[in-house]
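Keep the viewer open as you read.

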Amino acid sequence: REVDNYFGDATTRYCLQFSALVAPRSSEVRFAKWSEIDFEKSEWNYHVHKTRVEQTIPLSHQAIAILSKLKEYNYQGPDSYVFGSDLRRGAALSDNTLCKAFERMGYKGKHTHHGFRASFNTIMRELGYKGEYIEKSLSHKTDDPNGEAYNRAGYLRQRKNLMQIWADFLDEIKQEN
């Protein structure tokens, strides 16, 4: 609810809303480009620098709605940043901008952007969803000693369902007192 009512810059609000739904690393979302978003398939396809793998994130209906609104607001071509800076044309939103947004909302020392990842991981596990789907959604490397050398499963169908369940869960808790 706090993020939805964030009074600052619209791009920052959209970035935080999207991040809550998708649980990306700050650098992944800040440097996302429009060319990586496939609206027809409802997917975000990008290169994860930390793990050096290609990642496909299934996007919920809610995430696509945010991106659609944002595209009307700030689209400057396929190679432009989805969450571009309002201060510097052609630059990505800064990490400091996201930190300051949490501070302005009263969450300094209580919540960070990375907290969206921890919440997604913890809550979905507590709800009984498979760890391997969750870990793949978070772009984590596997603990399997053979790693991705043998298991290249993307679990895309399962993760599409998982991401929609997560988005619906967030909508439900926003409706609670």
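Setting aside neighbours within four places in sequence, Cys-15 is in contact (heavy atoms within 4.5 Å) with Val-29, Phe-83, Leu-93 and Leu-98. Cys-15 belongs to helix α1, where helices are DSSP runs of H or I with at least four residues, strands are E runs of at least two, and both are numbered from the N terminus. With a relative accessible area of 0%, Cys-15 counts as buried; the cut-offs are under 20% for buried, over 50% for exposed and partly exposed in between, using a 1.4 Å probe and protein chains only.

A word on where this comes from: the model is predicted, so local features need pLDDT of at least 70 and side-chain atom pairs count only at pLDDT 80 or more, while totals for chains, interfaces and linings use all residues. Residues are numbered from 1 along each chain as its sequence is written, and side-chain values use heavy atoms, with hydrogens and water left out.

Which residues have the most contacts inside the largest nonpolar core? They are Phe-18, Trp-44, Leu-59, Phe-83 and Phe-120, in a core of 44 residues. A core here is a set of buried Ala, Val, Leu, Ile, Met, Phe, Trp, Tyr and Cys residues joined through side-chain atoms within 4.5 Å. Two or more residues each come from α1 (10–22), β2, α3 (61–74), α4 (95–104), α5 (114–126), α6 (131–137) and α7 (156–175). The largest share, eight residues, is from α1.

| Pair | Angle | Axis separation |
|---|---|---|
| α1 and α4 | about 85 degrees | 11 Å |
| α1 and α7 | about 125 degrees | 8 Å |

That makes α1 roughly perpendicular to α4 and oblique to α7, given that under 35 degrees is roughly parallel, over 145 roughly antiparallel, 65 to 115 roughly perpendicular and the rest oblique. On the α4 side, Thr-12, Cys-15 and Leu-16 of α1 meet Thr-97, Leu-98, Ala-101 and Phe-102, giving five nonpolar, two polar and no charged residues. On the α7 side, Ala-20, Leu-21 and Val-22 of α1 meet Met-163, Trp-166, Ala-167 and Leu-170, and that contact is seven nonpolar, no polar and no charged. For these classes, Ala, Val, Leu, Ile, Met, Phe, Trp, Tyr, Cys and Pro are nonpolar, Asp, Glu, Lys and Arg charged, and the others, Gly among them, polar.

Now for α5. Its 13 residues reach 19 Å from first C-alpha to last, close to the 18 Å expected, where the expected span is 1.5 Å times one less than the number of residues. Its buried residues are Gly-115, Phe-116, Arg-117, Phe-120, Asn-121 and Met-124, and they pack against α1, α2 (26–30), α4, α6 and α7. Just after α5, Gly-128 takes a positive phi of about 95 degrees.

At 66% relative accessibility, His-49 is exposed.

Terms used
Axes are lines fitted to C-alpha atoms, for helices over the stretch in contact, and angles run from 0 to 180 degrees between N-to-C directions.
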